[in-house]
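Welcome, and thanks for taking a look at this protein. Please keep the sequence and the 3D view open side by side as you read.

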Amino acid sequence: MADPEPERPRSASPPVRPLKRARRPAVPRATCQCCASRVARQPAVCERPDPERGCPGCRRLGVVCMVDGVPMPPYNDPTGRERRHQHSVCDPCTENQRNCDSKRPCDSCVATNSQCTGNSRACFYRGVAGDDMYGYYLTRNYGPTGVNDPNTPAARWIMPENYHLEYIQWAQQNGLQVNGEPTGPRRGRRGPAAPPPAPPPAPPPPPANNPPPANNPPPAPKSRSTPANRPNGLNNSAPVNAPLRPPAPRRQGGRPARTPAERALEVEYQGVFRVVNDAMARGIPAALAGVVPLLQYDLDRNIPASNSQVVRDVRRFLALQKKISARMDPRSNPRFEEEPINTESAINNPSDEALSNINPGPDEDYGFIAPLRNIVSLPLNRPSSPGPTRPLYHLPWNVRDEDIDLPVRLYRLSQDHPNYVDRNLIRREPFANHPNENGDSQLATIPYFRLWDHGDMLFEPMKCMAEKKETGFCGKRTQSACEDTRHYEPVPICDECEEVSRREFRELFRRLETELRQYLCANCTNPDKILTNLTGQGHRVWYDSRLVAGRIPNFSADSIVSTGLRHRVGAYMGQPLEITGCACATKLFGRRICRPHRLQYMLHMQTIASRMRDYCKSVYGRMVCPICRQGPGIDGFGFQGVDGGIEVGKAAPSFHAWACLNCHGYVMNKGGGIIGMDNLGKLRPLSAPAPYMARDEEKQIRGDRGPVPLDPAEAARQDELLWNRMLALRDAAPPPGNEPGEPEQMDLDDIYD
């Protein structure tokens, strides 16, 4: 038994109690309608952490949070751990085994004309906004039309961001009042309500002469936030870092329209503009003033901010820029001397033995698989290659199930037929998330336009760090190193190790080469039609200009996510490159890369190609042409017949066209889909065009040495001069507008490939 504590002597000082911290006076806020209608002795405390959104209690109850007659956007829990509402059951429903709800009197007692008595904890009086809508009943695991609807939800229902706008439309249909104003003919209807009707389609956009946006839309959608003649968003007259004004509300008859729905929309878009203005004040390198007409376009058509593709793009761009601006901070962009190969996302779960054979290492802790060395997450000196404006098979953020029609009766075909639609794979409402919404290539950190021919970037010979299972590092001295920009310190690779690595990985790449291609359908395999559809869409396109008599359209387009409207992306890239036609094989085998990086990228490319195919099948039930999204590619028919791309009266196809599922570029190759390997088959070609070797622009950036001087002292001086130039480029001062002590901003004008 423990000894009792000794009593405190009377002469001792009393224990000091910790002082209570004075609470910050709460900002007085109006109590919402539901909290004021609680069945309790005192109204519930209406806590709204965000004054521009509703309270958590209304979201748990499944009703609309009405404050001073204005429906508020639903509360958004930042933790994601939303508490589920548990409603009480009254005595009559308990005795008669009827379905009860949180209203008093409840629906069952009203329908049976019974007196609703008994437990009323966490209940409220009838008449609260949205207490007859579908979300109120789905929250209680009933069907959408009432407590006796057997169509219960298969999963937990989550209140959408625009639920307050759905309430306004539902109120107009049922003759209810919002903010004291009649909203429609009175029906005198009480009790459960059917789910709200679909919102009316957006009005036709006004005629404009602006170029079409680069959104790669699905075929013939009925409504979306990116119509075909939407403004391109460039506003060159507005200063880049000038404060932006929120979009003006719609005007009717010369007076601002101040309906409850528009007031709620203004609250949402004002929050977006506060974020944009804060980013501009911090010197984010972007022309964010160009988003004003785009946001105004969505606001004029009553598109909620949660459904606006522009708002989503702006948020993704700012999140990426936040990471880039802190890339020099080791806490945000840590440096690792060793990082194991990530095989968790590999689709075929390769064994450690198989990976060790292609990428051997001496360390048993890594399974004898060589790790990445001297690595960071974000490149320190050179930005990654930007993706297209929109990835392949992109769907606007507010597209609906009924906007995409499925072919009739194609599901009755045999399962091995290219036109067979597998309805078991289709996932609609909600659509699956796009596996690569930014459209970034898995090889984005490998430069398309290289700075150093053959990777000769070292000014003094260093020992080769290519690893072997038996002997460890190679150790041969070389002046060449891995060209991936994620290395914060060079990783030397000698010619012998690089040649063996390319040869072995090239054999593994043969099957992946086919998986990366998605061929166009026979109807779209037409040069003029391809160029017309890709003009102004922001993709990189490779083709022989002789296919279209020298016609080279403008494929570039604006991009918020990739460049923040500061640069246009997409261009004609010239003749198809070797092996893949696009830049993927050139980056993978035309650059000096360490074995761990080459293996990591091949695993990632295989995974992203598989996920892109799964995503396409989840929308269309099969693989479809990336341009029209109607028919399968010509490869599905074995490149035979009219459907296989062979014109009538010809024995062989004149050309093949495909899109790359990794870099999202398009290729048109004359004569078929097989492209030989000439420059990529040589480790050190004497002469080759860009991008196989460095351009004059890159030679000026790195300070081309030209022929090696015979005098060793002159050679050492040139090496020191070149080294100082590279250090100056890396440690360049922040651009004007950055305050001292702030993280350096990456200038998007620097060496964009």
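Here is a short briefing, from the overall make-up down to single residues.

This is a predicted model. The protein has 753 residues, and 49% of them count as buried. Its secondary structure comes to 17 helices and 21 strands.

**Overall make-up**

- Among contacts between residues at least 6 apart in sequence, 70% join residues at least 24 apart.
- The protein has an accessible surface of about 38,600 Å², and carbon and sulfur atoms account for 50% of that area.

**Nonpolar cores**

- The largest nonpolar core holds 83 residues, of which Tyr393 and Phe509 touch the most other members.
- Elements that give two or more residues to this core include helix 11 (495–515), helix 12 (527–534), strand 16 (540–543) and strand 20 (655–660).
- Helix 15 makes the biggest contribution to this core, with 12 residues.
- As background, nonpolar side chains in soluble globular proteins tend to be buried together.

**Cavities**

- The structure holds eight cavities of 30 Å³ or more.
- The second largest cavity has a volume of about 150 Å³.
- This second largest cavity is lined by 18 residues, and those closest to its centre are Met465, Ala466, Cys594, Arg595 and Pro596.
- Strand 10 (372–375), helix 11 and helix 15 each give two or more residues to the lining of the second largest cavity. Helix 11 provides the largest share, three residues.
- Sorted by class, the lining of the second largest cavity has 12 nonpolar, two polar and four charged residues.

**Buried loop residues**

- Gly644 sits in the loop between helix 15 and strand 20. Gly644 counts as buried because its relative accessible area is 0%, under the 20% cut-off.
- Beyond its neighbours within four places in sequence, Gly644 is in contact with Ile634, Phe637 and Phe639. The C-alpha atoms of Gly644 and His656 are separated by 10.0 Å, with the two residues 12 apart along the chain.
- Asp131 lies in the loop between strand 4 (124–125) and helix 5 (134–139), and is buried, with a relative accessible area of 7%.
- Not counting residues up to four places away in sequence, Asp131 touches Val63, Lys103, Phe124, Arg126, Tyr136 and Tyr137. Asp131 and Cys34 are 97 residues apart along the chain, and their C-alpha atoms are separated by 9.6 Å.

**Backbone details to check**

- The peptide bond from Arg104 to Pro105 is cis, with omega near -5°; Pro105 lies in the loop between strand 3 (103–104) and helix 4 (107–112).
- Another cis peptide bond runs from Ala690 to Pro691, with omega near 10°, and Pro691 is in the loop between strand 21 and helix 16 (696–702).
- Asp68 has a positive phi, near 55°, in a residue other than glycine. Asp68 lies in the loop between strand 1 (66–67) and strand 2 (70–71) and is exposed, with a relative accessible area of 62%.
- His454 also has a positive phi, near 65°, and lies in the loop between strand 10 and strand 11 (462–463). At 15% relative accessibility, His454 counts as buried.

Conventions
Residues numbered from 1 in each chain as written. Predicted model: local features only at pLDDT ≥ 70, side-chain atom pairs only at ≥ 80, totals over all residues. Heavy atoms only, no water. Core = buried A, V, L, I, M, F, W, Y, C linked by side-chain atoms within 4.5 Å. Buried < 20%, exposed > 50% of the residue type's maximum accessible area, 1.4 Å probe, protein only. Helix = DSSP H or I, 4+ residues; strand = E, 2+ residues; numbered from the N terminus. 1 Å grid on protein atoms, 1.4 Å probe; cavity = no way out; pocket = protein on both sides within 12 Å on 5 of 7 lines; lining within 4 Å. Points joined across faces, edges and corners; volume = space filled by probe spheres on them. Nonpolar A, V, L, I, M, F, W, Y, C, P; charged D, E, K, R; others polar. Contact = heavy atoms within 4.5 Å. Areas by Shrake-Rupley, 256 points an atom, 1.4 Å probe, with all protein chains shown as cover.
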